[in-house]
Amino acid sequence: MNLKTNKRAILVVSFGTSYIDTMEKTITAIENEIQNVYKYDTIYRAFTSQIIINKLKKVNSIQIDTVKEAMNKIVQQGYNTVICQPTHIMHGIEYEKMIAMIKPYEKIIPNIKYGTPLLSSSEDYDKVVNAVMKENAQLNQKDVLLLIGHGTEHFADASYAALNYRFCANGYQNVLVGTVEGYPDMETVIKKLNTIDSNTIYIAPFMIVAGDHANHDICGDDENTWKMKLTSKGYTVHTILKGLGEYPYIRKIFIEHIQNVIES
């Protein structure tokens, strides 16, 4: 094996999505931006969801590497420096899964470094608040912007409530954060909405991609979706079907996380 001592590999690890359009607008956009900044590094892609990998292969004939498969390719190419940058929101289950899958390669590759998820420092929270508000600057300040994340049974679920607090602390009282499978849940968000003097809600996924949850659980037309539940409460609900990976300033945060690793 010939070590490529003058070159780095950057492995971009995402949960993944089976929605091709949003994959191009989000995950691919993040990877392309990383490549544009780090022109002399080689970018590799891996997904942590085996279900999505299997579906893409079966339905779309698209082959996506697991973390192990991508790391094996990096080993075969002889890189001695690898930066593993997740596109995950927080230090949750998927991030821990990524770390566990890469750890064994620390015995093979001399220099493996780990970038951090989107919400990893106090500064990150403020940057995410600014990124979201810049992206939605056209909204009326009297209207409610409701961001819906995935939610998790991992203790990192507290990140959503922390982000909600950070929006308030930055003066955005009409921005709320909820989750599909965690806290704040729908009941909690509705109680908060009752205290806000606004009848118009713009609802958007707080997820890297606008995939299955965004299309079905959040913005879909079935009676149990966030959109229809809030509509049934008398609110005028508009949907913003856009993943965070489409936000330029969110992509910039991931770039900064890679730079932090390089400089550390």
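Glu31 and Arg45 join their side chains in a salt bridge, with 2.7 Å from N to O; the term covers a side-chain nitrogen of Lys or Arg within 4 Å of a carboxyl oxygen of Asp or Glu. Glu31 sits in helix α2 (residues 27-37) and Arg45 in strand β2 (residues 42-47), so the bridge ties together parts 14 residues apart in sequence. Helices (H or I, at least four residues) and strands (E, at least two) are DSSP runs, numbered from the N terminus. Glu31 is buried at 9% relative accessible area, while Arg45 is partly exposed at 22%. Here buried means under 20% relative accessible area, exposed over 50%, and partly exposed in between (1.4 Å probe, protein chains only).

The model is a predicted one, in which local features need pLDDT of at least 70 and side-chain atom pairs count only at pLDDT 80 or more, while totals for chains, interfaces and linings use all residues. Residues are numbered from 1 along each chain as its sequence is written, and side-chain values use heavy atoms, with hydrogens and water left out.

Across the whole structure, the search turns up eleven salt bridges. One of them links Lys103 to Glu106, with the closest N and O atoms 3.3 Å apart. Lys103 is partly exposed at 42%, and Glu106 is partly exposed at 34%. Another pairs Lys227 with Asp221 at 2.7 Å between the closest N and O atoms; Asp221 is exposed, at 57%.

Turning to the strands, four of them make an open sheet in the order β6-β5-β7-β8, with parallel pairing. Two strands pair if DSSP finds at least two bridges between them. The edges are β6 (175-179) and β8 (236-239), each pairing on one side only. Strand β5 (residues 144-149) runs parallel to β6 over five bridges, and Leu146 stands opposite Leu176 in β6. Helix α7 (residues 158-169) packs on the sheet and touches β5 and β6, its direction making about 175° with that of β6. Contact means heavy atoms within 4.5 Å.

As for helix packing, the axes of α6 (residues 122-135) and α11 (residues 248-263) come within 8 Å and cross at roughly 155°. Axes are lines fitted to C-alpha atoms, for helices over the stretch in contact, and angles run from 0 to 180 degrees between N-to-C directions. The two helices are therefore roughly antiparallel, a label for angles over 145 degrees. Among the residues in contact are Val128 and Ala131 of α6 and Ile250 and Ile253 of α11.

Notes: Parallel < 35°, antiparallel > 145°, perpendicular 65-115°, else oblique.
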